[in-house]
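These are my notebook entries on one structure.

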Amino acid sequence: MEKSPLIKMKAVFFSFFAGLDRQLGLILLGLAAVGFFTFLSASQNTPVQITDELRNLALSFVVMWIVSRIPPKWLEMGAVWIYALGVTLLVAVAAFGLIKKGARRWLNIGVVIQPSEIMKIAMPLMLAWYFQKREGLQKTWDYAVAIIILAIPVFLIARQPDLGTALLVFAAGLYVIILAGLPWKWILPFVCVAVIGILLIIIFGGTICAHDVVWPFVHDYQKHRICTLLDPSSDPLGKGFHTIQSMIAIGSGGFFGKGWFQGTQAHLEFIPEKHTDFVFAVFSEEFGLLGNLILLALFFALIKRGLAISASAPNLFTRLLGASVTLIFFTYAFVNIGMVSGLLPVVGVPLPFISYGGTALVTLGFGAGILMSIHRHRRLVQS
Amino acid sequence: MVSFKKPDLDSFQERIHIATLFVTFCFLLLVTRLVWLQLVSHSKYALLAESNRIALVPAPANRGLIIDRNGIVIGRNYSALTLDVNAEEVKGNVDQLINDLSEIIDISPRDRRNFKRSLEDSRNMGTFPLRSMLNETETARFMANRYRFPGVEIRARSFREYPYNELASHLIGYIGRVSQRDKERMQSEIENSKADDPDALQTSFLPGIQYVGKIGLEQSYENVLRGVPGYDQVEITAGGKPVRTLSSSPSVPGKNIVLSVDIKLQYLVEQLYGNFRGAFVAIEPETGDVLAFVSKPNFNPNDFVEGIDSVTWKELNDSPQKPLYNRPLKGIYPPGSTYKPFMALAALENKKRTASQTIFDPGYFDFGNHTFRDDKKGGHGTVDMQKSIVESCDTYYYMLARDMGVNMIADFMKPFGFGQITGIDLQGEAKGVLPSTEWKQNTFKKPEQQKWYEGETISLGIGQGYNSFTILQLAHAMANLANNGVVMKPHLVKAIEDPFTRNRVLTTPKESYRIELNPENIEVIKKAMIEVNRSGTSAAAFQGTGYVAGGKTGTAQVFSLNSKDYKHGATAEFLRDHALYIAFAPADKPTIVIAMVVENAGFGAQYAAPIARSALDYYIEGKWPKEVPEWKRAP
């Protein structure tokens, strides 16, 4: 019996998706759908076209699909090279990068690229590789080496300056180090210092935000962001404007939201960067708390699934890599929503799969692809 | 191997578990935050979002026209392109901006002064015209350079214009930009009216009111002329750019006011006065219609509309001619001999004299140890009532005043309106003084001043002494006499006209009251006044009229019209007597009465009566004097 063309197509279709984790796939599809529909509304009055978004989503999917076919072993083998390439490019940026908006972040190699973006994946790859290599032989100074591996690119990125990306790269590496077993006695003091520090900043915000107080280690604009967060109304038309307006957008959305395309804050240009970093404000305004809970549920499901995949991964490298990538997704989402809703200072972190932006979508697709690949190759290894 | 790997895996599972807890905690934090923003504080943020997006854009109402009794428009609006500057955007560097703008558009020092004044008055809020009446070239030049001037734009605005400039300036008045005081006054008006009118706040949208009548009819008919400003609820972007109109409350244009004034008559009289100062009021006795209301010298009300500049203001304010002073309304003058017909009527009505009763005038009258002189040396001899009026015999009235006493005079004069507010539709009317014992009692503080001395009564008879009235009151009294005691309130506006349908609603008041007068007595007085123009003091001025007119001249000694301000060199002129004149015509059924004063002109017969003659010739017969340029309708 000749197979009917329909069944043939079906077979091709399934083989195309074969090995992709169905749960993860559905969650990502849900996020991409939310992202797409929000984009339609948020991109009003911006030069960005619907085709741009579709191209980015397709590109992200293709990257994910390709990466999902790559065995984790290959990634393990390439980890050092990718890391080395990333650091080299960062050094190149420091030497002859392009300056835009007062920051030296870009490199022209025919096309303009932002090497710090590579580091978001390269960092967990490198550290996971390192701990895999040292598996069973781990000594205390391994953590010191790991921290040096982490510190070099973070330092290079931070001095561009690009505190947002530096924090993300740092977080990505830190997750690997912590998951690899960094002793609690080392972690806890830092947690305590951080908690106390944050409390102090909140309590003494008024004093340390005084105009003439200079903060060590941070740029003036970074100090402003933190101070504005503590009291957005201190500068309602300047530094606090973004935060105030996005909070108004979210708050005015209420429980059910104003409806798709009905957000006044968004469509009357009160929200800055409304289709990129502040897209959550647009979504919140139009779909309300109900929409937000659904979105948060999707992100939570994504993280749960990612961690579950990592937990059942075959070796330390994949476990560390998968968990770290998953927690990076979490960090993106938390920092972005926290910043848009006025909990965290304004840093340039996109909302994963929702914010418009090709680079971020490719990076995210790469990350999702890694998770897919880990899931797919787990069975192959086990069988 | 397994023993090596097992703890690692456990440790990893444990850390994944902790990570999950951490993630859950963070997500709960976000959920709490979102619940706080979207449920707990929702109403606050909803309100903020609304006020973010909605702006009220005022739409000023078209102001009503001012039309004379024959349909000639004397107060109107024109639309012109103006260069508007948003005060908030130019803070600080106004001069630099004006300098830059003047490279492409002519900006006179006056424009600059006016604009800066507006800025100061407004405390740098709102949009103000820097230049108006832009022509096409200027408009094009600005549009080409527009990008250089954020906050500056070209807009069509409606302006108030008084096409005949100085003509009838005191009567029309002018509008001006709403001042802080005006705003506060209107605000309190609104608040007071809120109780009984729930729509008051909505219907009187304050930002839509940019101009307000400051003086004259523009002031007293402000509420009729202004209309109701409307506003658009406009959705705006963060940058303040209007997106769409959400709702619109259209403005209701103000109503036109139709004056009782004949503007051609007004023009003629103003021309006849020439450089003389003075006041002239003509009234239609049957209705109380004020036909002319002249105050000389005038000013140009157009100077005031966009805010008068300080130089012009100083000039007007410091001038010894007092051009801003509304003489017929506020200037008080002793009526002089024009008071005599009323005194004579009082005598008849109070039976203190009969018409034929005579006195002998030796040229003076002794009272106590004071001698009151008559104008005519040697006296008028035997004088009856008619002769006393025709020849203006003072002695007759000295005696009469003595015989009547101050209070009898006051009681008779009061219903005629002497020393009383006439209630004309202009604000700021002066009351003048109708002397009586009670008045003196109330006016002075020291007991010896409060006492009325008999000697003070004597000069009241010839319209001197404490007597001081406005020309409006004198005209009103003349109208009451001409109208046989039927008192009509004088008014300048006779109808309110709908701007669309042109339907007119008469506002003329009904008869106020009647003074009970014996018609025979009235006839005696009118006859005597007719004789004044035939053979008496104003006979020369009234030779050969085609109608019969009654009149009475008067000469009032100057007392104080701000004599302290007079320049030394000009003293002689300013000390000359005021020439007064009252008249009514045609005698059998008067259609017009006149009261007038020509300040410091000398004898009434010589200066005032000829002006009255020309005015009557025009009003009754349509004759235009050769020496006065033809009336030309404004384009």
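At what angle do helix α4 and helix α6 of chain A pack, and how far apart are their axes? I found an angle of about 30° and axes 10 Å apart for α4 (residues 72–96) and α6 (residues 140–158) of chain A. Axes are lines fitted to C-alpha atoms, for helices over the stretch in contact, with angles from 0 to 180 degrees between N-to-C directions. Helices (H or I, at least four residues) and strands (E, at least two) are DSSP runs numbered from the N terminus.

I worked on a predicted model, in which local features need pLDDT of at least 70 and side-chain atom pairs count only at pLDDT 80 or more, while totals for chains, interfaces and linings use all residues. Residues are numbered from 1 along each chain as its sequence is written, and chains are lettered from A and ligands numbered from 1 in the order in which they are written.

I therefore recorded α4(A) and α6(A) as roughly parallel (angles under 35 degrees).

I looked up the residues that meet (C-beta atoms, placed from the backbone, within 7 Å). Gly86(A), Val87(A), Leu90(A), Val91(A) and Ala94(A) of α4(A) meet Ile152(A), Pro153(A), Leu156(A) and Ile157(A) of α6(A).

I then turned to the contact between chains, which takes 34 residues from chain B and 35 residues from chain A. On the side of chain B that touches chain A, α1(B) gives the largest share, 19 residues.

For chain B as a whole, I noted 26 helices and 25 strands.

Note on methods
Parallel < 35°, antiparallel > 145°, perpendicular 65-115°, else oblique. Contact = placed C-beta atoms within 7 Å.
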